[in-house]
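Visitor: I would like to go through this structure with you and ask, term by term, what stands behind the words used for it.
Guide: Gladly; let us look at it together.

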Amino acid sequence: MAGKTVTVTDADFEEKVLKAEQPVLVDFWAPWCGPCRAIAPALEELATEYEGRVIIAKVNTDENQQYAAQYGIFAIPTLLLFKNGQLVETIQGARAKSFYASRIEQVLSQEVA
């Protein structure tokens with residue numbers, strides 16, 4: 001199921017997320033999580049719509065626990081939005097695609113020093 005979302009592991013989180021030149025929306029999820037599976041199609045659509053401007057990344061918390069623990073992820077889905085390596089927003093729970101898009105648009109419009 002190859003899509004536009006990027007799979008991230010503990011081993012490459014720093015490179016793919018914290019050092020990314022574009023904003024990154026990271027979905028902390030697990031295969032057994034119903035709400036996580038429910039938002040996956042919307043995240044794929046956003047990855048296509050924002051290609052070249054925003055990276056949509058997915059971290060399987062069953063297999064990669066280091067950064068989930070570091071950022072205090074206790075419930076999934078939790079999405080973290082990073083810009084210039086800095087955490088700018090935490091979104092807990094499944095939301096509508098339009099909600100995620102509005103958060104992405106806000107980050108894209110912000111000037112970060």
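The conversation below takes up the sheet, the helices, the cores and a few loop residues in turn.

Visitor: What kind of model is this?
Guide: This is a predicted model, in which local features need pLDDT of at least 70.

Visitor: What makes the five strands an open sheet, and which are the edge strands?
Guide: The strands form an open sheet in the order E1-E3-E2-E4-E5, and strand E1 (6-7) and E5 are called edge strands because each pairs on one side only. Val6 stands opposite Ala57 in E3.

Visitor: Why is the pairing called mixed?
Guide: The pairing is mixed, and both senses can be found by going through the strands. Six bridges join E2 to E3, which run parallel, with Phe28 standing opposite Val59 in E3. Five bridges join E2 to E4, and these two strands run antiparallel; here the bridge partner of Val24 in E4 is Phe82. E4 and E5 also run antiparallel, joined by six bridges, and Thr78 has Gln92 in E5 as its bridge partner.

Visitor: How do you know that E4 is mostly covered?
Guide: Six of the six residues of E4 are buried, and buried requires a relative accessible area under 20%. Thr78, Leu80 and Phe82 point one way from the strand, while Leu79, Leu81 and Lys83 point the other way, and all are buried. As for E3, five of its six residues are buried, so E3 is largely enclosed by the rest of the structure.

Visitor: What makes H4 a helix of the expected length?
Guide: Helix H4 (residues 97-109) has 13 residues and reaches 18 Å from its first C-alpha to its last, which is close to the 18 Å expected at 1.5 Å a residue.

Visitor: How do you know that the buried residues of H4 line one face?
Guide: The buried residues of H4 are Tyr100, Ala101, Ile104 and Val107. Seen down the axis of H4, these buried residues fall within an arc of 125°, so they line one face of the helix. On the other side of H4, Ser98 and Ser109 are exposed.

Visitor: What makes a group of residues here a nonpolar core?
Guide: Such a core is a set of buried nonpolar residues joined through side-chain atoms within 4.5 Å. The largest has 15 residues, and those with the most contacts inside it include Leu25, Leu43, Tyr100 and Ile104; H2, E4 and H4 are the elements that give two or more residues to this core. Not counting residues up to four places away in sequence, Ile104 touches Leu25, Leu46, Tyr50, Val54, Ile56 and Leu81. A second, separate core of 14 residues includes Phe28, Ala57, Tyr67 and Leu80.

Visitor: Why is Gly52 called exposed but Asn84 partly exposed?
Guide: Gly52, found in the loop between H2 and E3, has a relative accessible area of 55%, and exposed means over 50%, so the term applies. Asn84, in the loop between E4 and E5, has a relative accessible area of 44%, which lies between the 20% and 50% limits and is therefore called partly exposed.

Visitor: What makes the backbone at Asn84 and at Pro77 worth a remark?
Guide: Phi of Asn84 is near 55°, a positive value in a residue other than glycine, and Asn84 sits in the turn of the hairpin that E4 and E5 form with two residues between them. The peptide bond from Ile76 to Pro77 is cis, with omega near 0°, and Pro77 lies in the loop between helix H3 (66-70) and E4. In general, most residues other than glycine have a negative phi, and most peptide bonds are trans.

Definitions and conventions
Residues are numbered from 1 along each chain as its sequence is written. This is a predicted model: local features need pLDDT of at least 70, side-chain atom pairs count only at pLDDT 80 or more; totals for chains, interfaces and linings use all residues. Side-chain values use heavy atoms; hydrogens and water are left out. Helices (H or I, at least four residues) and strands (E, at least two) are DSSP runs, numbered from the N terminus. The expected span of a helix is 1.5 Å times one less than its number of residues. Buried means under 20% relative accessible area, exposed over 50%, partly exposed in between (1.4 Å probe, protein chains only). The arc is that of the directions from the helix axis to the C-beta atoms. Contact means heavy atoms within 4.5 Å.
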